[in-house]
Amino acid sequence: MDRLVTAVGAPTCRPETKKYFIETFGCQMNVLDSERADAQLRKCGYQWTDVLEEADLILLNTCAVRERPAEKALVRISEIRRRKKPEAIIGIMGCVAQAEGRRLIDRAPDVKLIVGTQAVGHLAALVTQVERGGDAIVDVRMPNRPAFDRLAPEERRQRHVAYVTIVEGCDKFCTFCIVPFTRGRERSRSPEDILTELRALAGAGYKEVHLLGQNVNSYGLSRRIEGRRMGFADLLEMLAARSGVPRIKFTTSHPRDFDERIVRAIERWPQLCPWIHLPPQSGSDRILALMNRGYTAEEYLRKVEYIRRASRDISLTGDIIVGFPGETDEDFRQTVRLVEQVEFDGLYIFKYSPRPHTVAARWADTVPEPVKTERLMQLVEVQRGVQRRRWQRYLGREVEVLVEGRSTKSERHWAGHTPCHKVVNFESSMTNLEGLIVKVEVTKINPHSLFGRHVESRAESTV
Ligand code: SF4
């Protein structure tokens, strides 16, 4: 039988150094949870290793948005099992852990730890319990009060870009989405706490912060600051004015809650990066209603209009699901039309597949797999053309790049992101640019990145 944790004690620190390995799948929120896990594990004496075979504790941080997520996690566990030290402990965290709980242990009895999305903040205590031996530990409780841990700058893996959660969970219950079941009901973090964390990051030299939430636009609907209600646009303005962070990005925006004030804030504050991820999911009103998205294609296009009319060039990206139950050829044609009309700077296209607990999982998955694949390929082709055309506007332009390190493709080149979140690789004669914000002239447009040369005559910005 599993032990369900009901009380969490202080972790036991020990003198010997053990090593841990974490493999992270999924979104930025999972990346942040892995950083929170790092901080917890260091607390109880573990040191990070990137060599799985050396680790005493191996954690798989899972994503339930992937297709057949539990099966994929279990396949990965069997690969890990073959490579790990015999006595190493295996644990699963993230959305699959939350959704499946002890069922994972029924299917993989050597997994000794299941850490739900709300349990990362006391991982040290859970690991200490597992080390004592005995049955597996499962903690998938969903408390009403979220654990918005404030990570110290030195507890983070990245040195220039930091992720900060502002909203946890979601109340929208889109019929295809597992998030409300894995991350719980929506809760906003206090603005003072967010500001304090951003100031600490700015003080430690961080150049870019990503504000995270499943739906950042519904931030703080019930919160007040300085006597007035504080919405997401207010939070953005406050952080731009008072945090000292040079670049602030945010994701994900929900079209239903997205309002013009957010665009006005981006126009007003250069610290707010001109990039909005606003997923339409479909261009058919019938499918949008079945998805419970709460807007029509026309309403979505109206919000895009705000963005296009802005005085800054705001980059717009989105997500689309093809092959949702009941999607006809005509519904799909409407999606293609919307994609052509909007002209996204980037688009993530997914084939629908059912997720446990969701409403759509109870419906027949009516679109045959080959049709889903065909629709996906067709839309990818449409978007490729749109993107090629749209990105031409960068050719010859000078863009600001936060240099995150050497390019993965070539040691001779540097790589980083623009404020509009494009990847830029570039050449430079300088030997150390990491962490600086530099000017790059774009000389070539690749399908998914820009290439350019460092404009070295300019003084480099270190703020
Ligand atoms: S808004 Fe919809 S798709 Fe996004 S996290 Fe909430 S339920 Fe999922």
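Tutor: Here is a walk through some helix pairs, the loops next to them and the ligand shell.

First, a word on what you are looking at. This is a predicted model, in which local features need pLDDT of at least 70 and side-chain atom pairs count only at pLDDT 80 or more, while totals for chains, interfaces and linings use all residues. Residues are numbered from 1 along each chain as its sequence is written.

Two packed helices are described by the angle between their axes and the distance between the axes. Helices here are DSSP runs of H or I with at least four residues, strands are runs of E with at least two, and both are numbered from the N terminus. The axes are lines fitted to C-alpha atoms, for helices over the stretch in contact, and angles run from 0 to 180 degrees between N-to-C directions.

Let's start at helix α8, residues 232–242, and its partner helix α9, residues 260–268: their axes come within 8 Å and cross at roughly 15 degrees. The two helices are therefore roughly parallel. That word covers angles under 35 degrees; over 145 is roughly antiparallel, 65 to 115 roughly perpendicular, and the rest oblique.

Who makes the contact? From α8 come Phe 232, Ala 233, Leu 236 and Glu 237, and they meet Arg 261, Ile 262 and Ala 265 of α9. Two residues are in contact if their C-beta atoms, placed from the backbone, lie within 7 Å. Sorted by class, this contact of α8 with α9 has five nonpolar residues, two charged ones and no polar ones. Nonpolar covers Ala, Val, Leu, Ile, Met, Phe, Trp, Tyr, Cys and Pro; charged covers Asp, Glu, Lys and Arg; the others, Gly among them, count as polar.

Helix α8 also packs against helix α7, residues 191–203, at an angle of about 35 degrees with the axes 10 Å apart. The crossing of α7 and α8 is right-handed too. Here Pro 191, Ile 194, Leu 195 and Leu 198 of α7 face Leu 235, Met 238, Leu 239 and Arg 242 of α8. That contact has seven nonpolar residues and one charged residue, with no polar ones.

Arg 189 lies in the loop between β10 (187–188) and α7. Arg 189 is buried because 22 other C-beta atoms lie within 10 Å; the cut-off is 20 or more for buried and 12 or fewer for exposed, with partly exposed in between, all counted within 10 Å of the residue's own C-beta and with C-beta atoms placed from the backbone. Leaving aside residues up to four places away in sequence, Arg 189 touches Phe 148, Thr 165, Ile 166 and Ile 194, and Ile 194 is one of the α7 residues in the contact with α8.

On the α9 side, Thr 252 sits in the loop between β14 (247–251) and α9. The peptide bond from Thr 251 to Thr 252 is cis, with omega near 5 degrees. Most residues other than glycine have a negative phi, and most peptide bonds are trans.

What surrounds the ligand? Its shell consists of Cys 170, Lys 172, Phe 173, Cys 174, Cys 177, Val 179, Pro 180, Gln 214, Asn 215 and His 254, where a residue is near a molecule or strand if its C-beta atom, placed from the backbone, lies within 6 Å of it. By class, this shell has six nonpolar, three polar and one charged residues.

One further helix pair is worth a look. The axes of α12 and helix α13 (residues 369–391) come within 10 Å and cross at roughly 15 degrees. So α12 is roughly parallel to α13, and their crossing is right-handed. The contact joins Phe 332, Val 336, Val 339 and Glu 340 of α12 to Arg 375, Leu 379, Val 382, Gln 383 and Val 386 of α13; these divide into six nonpolar, one polar and two charged.

Glu 343 lies in the loop between α12 (329–342) and β17 (346–351). Although Glu 343 is not a glycine, its phi is positive, at about 60 degrees. With 14 C-beta neighbours inside 10 Å, Glu 343 counts as partly exposed.

Key. A crossing is left-handed if the near helix is turned anticlockwise from the far one by less than a right angle, and right-handed if clockwise.
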